[in-house]
Every structure is written in structure tokens, then in C-alpha cells.
Amino acid sequence: MATTVRTRSRKKIADGGFFGLGSTTPPEGASGAALAIALVLGICFLALALGLLLANGLSALADAQQWNEPKRYWLLAFTILAMIPILLVAVKVMPWLSNWYYLLPAIVCLLAFTIYPIILTFYFAFTNYSAINSGEPDSSAQIEVKIVNPTTLTVLGGAVAATELRCETPDCAGRSVAFLDERGSTIKKVLTNISSLSGNTITLASALPAGLEASRLSRINDIQVVGFSNFSRIFAQASQQLIPVFVWTVQFAVFTTLINVVFGVLLGILINNRRLKFRNVYRSLLFLPWAVPTVISIQMWTKLLDANFGALNRLFGFIGLNPAPWLIDGLWAKAAILLVNLWLGFPYMMTATVGALSAIPDELYEAAEIDGASRWNQTRFITLPMLTAAFTPIILGTFAFNFNNFGIIYLLTGGKPIEAGQLPTAHSTDILLSWGYNTAFLNGIDRGMASAIAVLVAFLTIGISMVNFSVAGVFKEARK
Amino acid sequence: MKMRNTAVIAALTVALGLGIASTQSTGKVTIWTDFKGGELAWFTAAAKAFEATPAAKGAKLELTNVILGETRDKFVQAAPKGEGPDLIATIPHDQIGEFVTAGVLEPMTKYLDAKTKADTQASAIDAFNYKGKLFGLPMWSEAVAVVYNKKLIKSIPSNWDAFIAAAQKLTVPEKQEFGFLAPIGIQYHMNGIYRAFGAYVFGKNKDGSLNPQDVGLANEGAVKAAQTINDLRFKYKLIPEGTENPDLEKDLFTKGKVAMWLTGPWDMSAVKDAKIDYGIGLLPKPTGATKAWSPFIGVRGLVMNAYSKNKEVAAAFAQYLISKESQISLNKEGGRLPISKSALVQLKSDATVKGFGAASAAGIAMPNIAEMGSVWGPWGDALNLSIKTANPDFADYHKKAVAAILSAINKK
């Protein structure tokens with residue numbers, strides 16, 4: 001009884017109502033935390049609005065004729081600047097909020113560099129964004145025009161507007177265009193729509209601002225929303241691209257984690273033996289692959305694995321084996337990737353093993369010796385179980401990293417070798433991520449399609465991670 | 001304390017505002033170039049010489065080195081945001097279509113004065129014409145041809161069978177000596193053979209324009225061409241695995257170990273430096289081909305960023321670079337074929353001009369429409385598959401390639 005009265009009165013004293021106006025004690029419980037986060041986010045968006053105003057206003061001040069948008073990073077800078085007065089005001093009104101200000105840098109970075117790109121990717125996945133449909137004016141669909149009045153233009157030079165602008169409909173109704181005025185060194189761009197076209201006259205849907213001189217009108221290649229057509233294309237070609245690439249990605253992640261862990265643990269156990277002579281020498285030598293920057297070492301491996309002139313095949317020739325078609329045959333190329341990844345990854349596993357082993361108390365081993373357990377039984381019943389506990393996060397992390405290990409695929413094989421039945425954006429050793437990269441930056445630069453691939457990869461990765469976590473018992477731990 | 005804070009904030013804000021204003025106009029002209037080695041030195045000297053002329057209006061030229069394959073994506077992304085170069089020196093004309101539809105190129109019709117136009121080869125101007133407007137100033141043209149080492153072989157036989165026999169006699173793979181090397185995995189180089197058998201990239205409409213729906217890379221001619229290229233490796237054993245790498249071929253040729261090599265003017269600088277006694281000729285017409293060997297002609301030109309803020313100075317530099325004297329001095333440095341008619345007449349006794357000029361005369365310009373960007377990938381894949389094993393299914397690979405090309409073109 002007494003406790004409840006105290007809590008209630010503490011609340012009454014402490015706060016000026018639900019928002020805790022004027023009090024220094026934050027509202028309690030989960031709802032209090034939610035309120036605090038909501039307020040912090042609200043501050044961010046208010047600062048964004050202010051920052052937009054500031055950025056546009058200041059750039060207009062700097063050059064009254066400035067027509068183009070200020071760059072996006074200026075917007076970020078101004079948002080952060082605008083946040084300062086808002087924070088000061090908020091702290092006056094609700095002093096307890098200052099406890100939550102430490103979240104602001106993380107939230108701003110999260111919103112600007114993670115949430116915003118994710119939202120954009122989702123949006124572009126449903127459009128036909130590419131090098132051609134980029135929302136920019138098309139230089140080949142341009143005409144010289146003269147302003148008759150703010151909504152009417154006449155075409156100069158005897159060009160026929162309809163053929164030059166090449167719209168889908170003969171009267172270009174509703175087509176977005178850009179009016180470009182290039183006096184001096186600044187280019188003024190005004191975006192507007194055509195309402196109709198007849199012969200030599202173009203009627204605009206909205207009036208042009210004052211102060212412009214006659215120049216050019218360009219048709220804009222809009223980014224159009226095409227619904228699910230990117231996804232349906234991916235699934236229509238699934239047997240050629242999505243399924244083989246996904247299968248190889250999972251195989252690559254699983255096998256490389258397995259091989260790296262087994263090899264690293266084995267070496268770690270061997271190195272950890274204090275009776276091993278020259279132990280430190282071995283440790284330093286085995287650590288070297290981790291010390292060399294991977295970008296350099298992977299490119300060296302490309303040369304070493306060259307089928308005709310590489311050192312590895314020459315070594316094979318020396319000892320009497322046939323040269324292997326590394327990087328030429330699909331299966332051998334995949335083996336090469338796993339081997340190079342092993343070379344790059346085992347020092348990390350080895351070091352983690354040595355660290356985990358040093359955490360195992362010696363008394364356990366001594367007790368086992370006394371009980372007459374053999375070395376193998378000691379390893380099996382003491383070392384390995386304790387290592388498993390330490391290695392679960394490492395295995396999960398390695399799997400997740402290698403699922404999206406773009407670097408080694410791009411540098412070692414470039415996704416090749418090319419085999420029959422494949423499309424040019426995904427070859428034998430391409431993983432999901434490098435397939436997305438090829439779609440976005442090669443062969444026609446299809447960014448809408450690449451965004452759709454990215455969305456699919458996100459769902460696949462989340463799904464696989466869920467499976468991984470439940471198998472590893474992570475959810476059980478969290479619930480405990 | 002509070003007053004000082006407010007003052008600091010106000011000062012920062014003003015500084016940022018001025019910062020925005022200051023990014024507007026500079027006296028600097030940025031140029032992206034993919035020249036290397038001796039040609040880059042030539043280009044830097046030309047830029048310095050131009051800065052001293054009155055047309056430069058005191059602007060400074062800043063040269064940035066880029067890799068040819070990466071220019072396309074970087075330029076399309078950077079230009080609309082105002083971060084692209086003012087000029088690119090140079091791009092091959094087949095990329096014009098994509099750049100123009102992305103809106104990043106400035107029409108250059110008004111920068112080509114009548115005198116220069118009269119002196120330039122019509123095909124070069126055509127190459128940079130897109131939908132009736134000129135989008136670049138052509139600077140040189142290039143086509144692949146067979147460069148041969150006069151010490152190893154006197155001249156290229158004009159009969160295909162004799163050519164193969166001569167190459168086989170000179171091929172000793174154990175000593176790394178080869179009679180004939182070509183990058184048989186690169187579709188650009190192999191186009192000559194494809195055309196000889198009747199394959200083509202885009203068919204023509206009745207009015208002479210290109211029809212992107214008519215892709216002729218899977219017809220009978222293409223299959224026969226792929227068979228011929230495959231034979232070079234597996235039947236005649238001239239180009240073993242691994243030797244189709246152009247860098248390796250350059251290395252071997254400049255060491256004097258290769259008799260005949262299919263390459264372009266871009267490698268002539270290295271050949272001249274290695275003091276090889278070279279000659280340039282055409283590949284003979286393969287057996288069974290209906291037409292003569294006909295490589296791609298690439299015209300390289302200077303293009304201007306539509307969002308550039310220094311258009312006059314950039315245009316003046318472009319005009320300076322395509323002048324007759326400039327083209328001749330570039331040819332002396334490397335081997336690039338001038339497109340100025342008077343320069344060609346002046347240089348007509350030069351070996352590289354004669355040789356590559358003959359190849360150009362036999363060749364066909366690459367299509368410059370936007371759909372061309374979707375052709376290279378699938379075609380290259382089909383070619384690579386065709387040279388992998390001794391008896392693959394050429395028809396199947398090429399049909400699949402054409403299907404991939406059309407699906408990429410039609411979804412746009």
C-alpha cells in the first residue's frame with residue numbers, strides 16, 4: 001500500500017503531466033523509453049525540416065539566380081546545425097530528455113546512411129531505373145525554343161517538335177520536360193510538363209518563372225514505377241540465374257566456414273601445445289596470411305593459379321601431377337575460391353582457438369590424466385565442448401560474412417568461368433551480391449533490377465540467419 | 001557563454017552558405033583521359049601548350065586518369081550532380097547512345113566549324129551523330145589489323161590456307177614461339193571474322209537506320225565464324241589456352257617471339273619502343289567466307305559534359321586537340337589514325353597509317369545506338385564458350401546470346 005502511494009506521488013511530483021514537462025526525472029518503464037525515443041526521432045525530423053529550409057534559403061541568398069538544388073551533404077550538415085537550437089529548447093522544456101541525447105549521433109547516422117538507402121532501394125526495386133531512365137533530360141530529345149509567354153513556347157530553327165521530342169503520344173500530353181537556360185556559367189533548369197503540342201507551338205502545364213531567356217527544352221527520361229516486373233523477370237529466369245547463384249552462395253558460405261573452422265581449430269590445438277619446439281616461429285609464420293592486405297594477396301593468387309603459367313601448376317608438373325584447370329573449369333574455380341579463402345581465414349580461427357583454449361583451466365586436464373583418460377578422450381570431452389561454446393558466435397559471424405563476401409569473388413575470378421546456359425550478369429562463381437553488382441554496373445546499368453535483387457537477397461539473408469540462430473540456440477539463450 | 005555559442009553557430013552557418021556559393025564557378029577545366037605512357041605525356045604537353053593560348057582565358061586544365069571500361073558508369077552517375085569532368089578524352093563512339101539518352105552529353109554541332117568539318121572524314125562525323133545531332137568531336141579512328149614481325153615472316157599471305165600453314169610452321173609452344181596470336185575471346189577483335197561469314201550486330205531498316213530488333217549474331221554465318229575461331233585453337237593449334245590474353249600477347253610480341261599478332265593502334269607505342277621491325281596487314285578472307293575480313297572501326301572523340309560550367313574553354317581545347325597538327329603529332333607518338341583528310345594525305349607513307357588505314361577502309365563502324373551497350377556482354381559470353389572446348393554447340397550458345405540481348409533491349 002505504502003509503495004504504491006509513494007510511486008504515484010513520485011510521478012505526480014516529478015512530472016508536469018504525461019510528458020514530464022519541466023521535471024528532471026524521466027518517465028518510467030517501457031512506455032517512458034518509447035516516449036523518449038519518439039521524442040528524439042521527432043527532434044531529428046524537425047531538424048531535417050529546418051535544415052531543408054536553411055539549405056534552400058542560404059543557397060538562394062548566395063546566388064539569387066541559383067536554380068539547381070543544393071547538394072545532399074549540405075542538407076545533412078544543415079540538419080545537424082539546425083538540431084542545436086532545437087536541442088537547447090527541448091532541454092529547457094523537458095530537462096530529463098538530455099539523458100537521451102547520447103543516442104542522437106547513432107540515430108542520425110542510422111537514419112541517413114542505413115534507413116534512407118534501404119527505403120530508396122525498396123522504392124527503386126519497383127521502378128525501371130537504369131542509365132537511360134534516370135530522371136534526367138535526354139540530350140537527344142532536345143529542341144531550341146523561344147518564350148512567347150510563360151506557358152507557351154515556339155520552336156526555332158524549323159525543327160518539328162513531335163519528331164525531335166519523340167514522345168509516346170503525338171501530342172506529348174503530360175510528358176515531363178526540363179527547360180534549360182544557359183546564360184553565363186550557371187545552368188538554370190526548370191522542370192515542368194507539356195500540356196499539349198501542335199505544330200510549332202508547345203503549351204506548358206505550368207508557367208515558367210520570370211527572368212528566363214530562350215534556350216532549350218529537353219524531354220526527361222522519367223523513372224517509371226513498373227510494379228513487380230523486375231521481380232517477375234528474376235523469377236522467370238530463376239533456373240538460369242537465381243537458383244544456381246543462390247545454391248552456390250549457400251554452398252560457398254557453408255563450406256568455407258566449415259573448412260576454415262576445422263583447419264583453424266586443428267592448427268590452434270597443435271600450436272597451443274607448450275612442449276612444441278619453435279612454437280613462436282610457427283605462430284608468426286602461420287599468422288602472415290592475415291597480415292598481408294587481402295586485396296593484394298588475392299590478386300597475387302590469381303597469377304599463382306594461372307593454368308598455363310602459374311606457380312601452382314608448375315609445382316604440380318614438378319611432382320608429376322597433371323596441371324589443374326584452376327579458374328578455367330567451373331568446379332576447379334570454386335575449389336580455388338575455397339582454398340584461397342582458407343589461406344586468408346585460418347589465422348583468425350587459429351588465434352581464436354588459442355585464445356579460447358587458454359580459458360580452459362588446466363585442472364580439468366590434470367584431473368582427466370589422473371582418471372586415466374587418453375589424449376584423444378581429453379580432446380573429445382574437454383577441449384571440443386568448451387571450444388564449441390566459444391566458437392558459436394564466430395561460426396555465425398563467418399557464415400554471415402562469407403554469404404556476402406564480394407571481395408574474393410570479384411578479385412579472384414570476377415565471377416567467371418563462363419559456362420553454357422548462363423546469362424552475362426551471373427557466371428559460375430558469382431554470389432548473390434556480385435550478381436547484383438554486375439546487374440547494376442555492367443551491361444546496360446539496370447539499377448531497378450539490381451535493387452530488386454538486393455531486396456530478394458535481403459529476405460534470403462534474413463531467412464537464413466533466422467535458421468542459423470535457431471539452430472545455434474541463440475533464441476533459447478536470449479529467452480533465458 | 002550563451003552569446004559566444006550563438007555567435008559561433010552564426011559564423012558556422014554563414015561559412016557553410018558561402019561554401020555552397022563557392023562551389024559554383026571555378027577557373028578550372030577537368031578532363032578525364034585514358035591515355036597511357038607516351039601518349040599521356042603527349043596529352044599533358046598539349047594541355048600545357050593550350051593553357052598558354054588566349055583561347056584558354058586563363059583557365060587551368062586538370063587531367064585525371066581513368067580506365068576506359070569504368071568511364072561509362074562513373075560519368076553517368078557523376079555528371080548530373082555537377083561532379084563530372086568538363087571533357088572526356090576520349091570515348092569510343094559506340095557509347096554515345098547510352099550517354100546521350102542519359103542526358104549527360106552536350107550537343108557539339110556548333111563547335112565544329114565548317115573548315116574542320118570539310119577536312120574530316122564523313123564516316124568519323126557520322127559515328128558521333130546520334131538522332132541527327134553531333135555529340136562529340138572525333139579525334140582519331142582505330143581498327144584492328146595484323147601486325148607482323150618482318151624478321152620472322154616477310155608478309156602476310158593473302159590466302160587463308162597459306163596463312164594457316166605459315167603460322168603453323170612458326171609455332172613452337174615449348175619455346176613460347178607462335179606464328180599467329182589473336183585475342184580470340186574478345187568479341188571486338190573477332191568481329192572481322194564474324195562479318196566475313198555474314199553475321200552482323202544490328203540489321204538496317206529501309207531508311208538506313210539501325211534496327212535493334214534485328215540482331216544477326218546467331219545466323220549461319222555466326223556459327224561458321226565461331227567454328228573458324230575455334231579451329232584456330234583446336235584444329236590448327238595456333239593459339240593455346242592462356243595465350244589469348246592481350247597483355248601476354250603484347251609481351252611475347254615485343255620480345256620478338258610472335259610472327260603475326262591481331263591488335264590495334266593502342267599497342268603500337270609499345271611495339272615501336274621495342275624496336276621491332278614491323279609491318280601491318282589485313283587478315284586474309286577465311287575459307288568459306290562470303291565477304292572479306294571486316295573489323296570494327298572505332299572512332300574516338302572528345303565529348304563534353306552537358307552540366308559543365310566551362311563549356312567555352314572546354315570546347316576551345318577540344319577544337320585545339322582535333323586540329324590537323326595535333327592529330328599528326330599524336331600519330332607520331334603512338335599510331336592512332338587521324339581522321340583529318342589532309343593529315344592522312346601528309347602521313348600517307350607512314351607504315352601505321354597505311355596499315356591501319358587499310359583495315360579501316362575494309363571495316364565497318366560500330367553501331368552507336370543506346371542498345372549497343374546490351375550487346376557486348378552476351379556476345380562475349382557466347383564467344384568465350386565457343387573457344388572453351390573442341391566441339392561445342394555453337395548454334396545453341398549464339399542463340400541464347402541473342403535471346404539475352406533482345407530481352408535486355410526490350411525490357412527498357
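Predicted model: local features only at pLDDT ≥ 70, side-chain atom pairs only at ≥ 80, totals over all residues.
1. Ground rules. Local features need pLDDT of at least 70 and side-chain atom pairs count only at pLDDT 80 or more, whereas totals for chains, interfaces and linings use all residues; side-chain values use heavy atoms, with hydrogens and water left out. Residues are numbered from 1 along each chain as its sequence is written, with chains lettered from A and ligands numbered from 1 in the order in which they are written.

2. Helix α12 of chain B. This helix covers residues 311-321 and is mostly covered, with 8 of its 11 residues buried (under 20% relative accessible area; over 50% is exposed and in between is partly exposed, with a 1.4 Å probe and protein chains only). Among the buried ones are B:Val313, B:Phe317 and B:Leu321. Helices here are DSSP runs of H or I, at least four residues, numbered from the N terminus.

3. B:Val313. This residue sits in α12 of chain B and is buried, at a relative accessible area of 10%. Leaving aside residues up to four places away in sequence, B:Val313 touches B:Val29, B:Phe50, B:Ala56 and B:Ala59 (contact means heavy atoms within 4.5 Å). B:Asp86 is 227 residues away in sequence, yet its C-alpha is 9.4 Å from that of B:Val313.

4. The largest cavity. There are 3 cavities of 30 Å³ or more, and the largest holds about 280 Å³. A cavity is a set of points on a 1 Å grid over the protein atoms alone where a 1.4 Å probe fits but cannot get out, and lining residues have an atom within 4 Å of a point. Grid points are joined across faces, edges and corners, and the volume is the space filled by probe spheres set on the points. Of the 20 lining residues, A:Arg233, A:Thr425, A:Asn443, B:Ala404 and B:Ala408 lie nearest the centre. Two elements give two or more residues each: α15 (432-441) of chain A and α17 (394-410) of chain B. The top contributor is α17(B), with 3 residues. The lining divides into 8 nonpolar, 8 polar and 4 charged residues (Ala, Val, Leu, Ile, Met, Phe, Trp, Tyr, Cys and Pro count as nonpolar, Asp, Glu, Lys and Arg as charged, and the others, Gly among them, as polar).

5. The second largest cavity. Its volume is about 130 Å³. It is lined by 14 residues, and A:Gln422, B:Asp381, B:Tyr397, B:Lys400 and B:Ala401 are the closest to its centre. Here α16 (376-386) and α17 of chain B each give two or more residues, and α17(B) gives the most, with 5. This lining has 8 nonpolar, 3 polar and 3 charged residues.

6. Aromatic pairs. The whole structure has 37 of them over all chains (Phe, Tyr and six-membered Trp rings with centres within 6.5 Å; planes under 30 degrees apart are stacked, over 60 edge-to-face and the rest tilted). A:Tyr410 and A:Tyr437 pair edge-to-face, at 5.6 Å centre to centre and 80° between the planes. They connect α14 (residues 406-413) to α15 in chain A, 27 residues apart. A:Tyr437 is partly exposed, at 27%. With A:Phe441, A:Tyr437 makes a tilted pair, the centres 5.2 Å apart and the planes at 50°. Both lie in α15 of chain A, about one turn apart.

7. Other ring contacts. In chain B, ring pairs join B:Phe35, B:Trp42, B:Phe43, B:Phe50, B:Trp140, B:Phe317 and B:Tyr320 into a cluster. In chain A, A:Arg447 lies over the face of A:Tyr129, at 5.4 Å from the ring centre (the rule: NZ of Lys or CZ of Arg within 6 Å of the ring centre and within 35 degrees of the ring normal).

Conventions: 1 Å grid on protein atoms, 1.4 Å probe; cavity = no way out; pocket = protein on both sides within 12 Å on 5 of 7 lines; lining within 4 Å.
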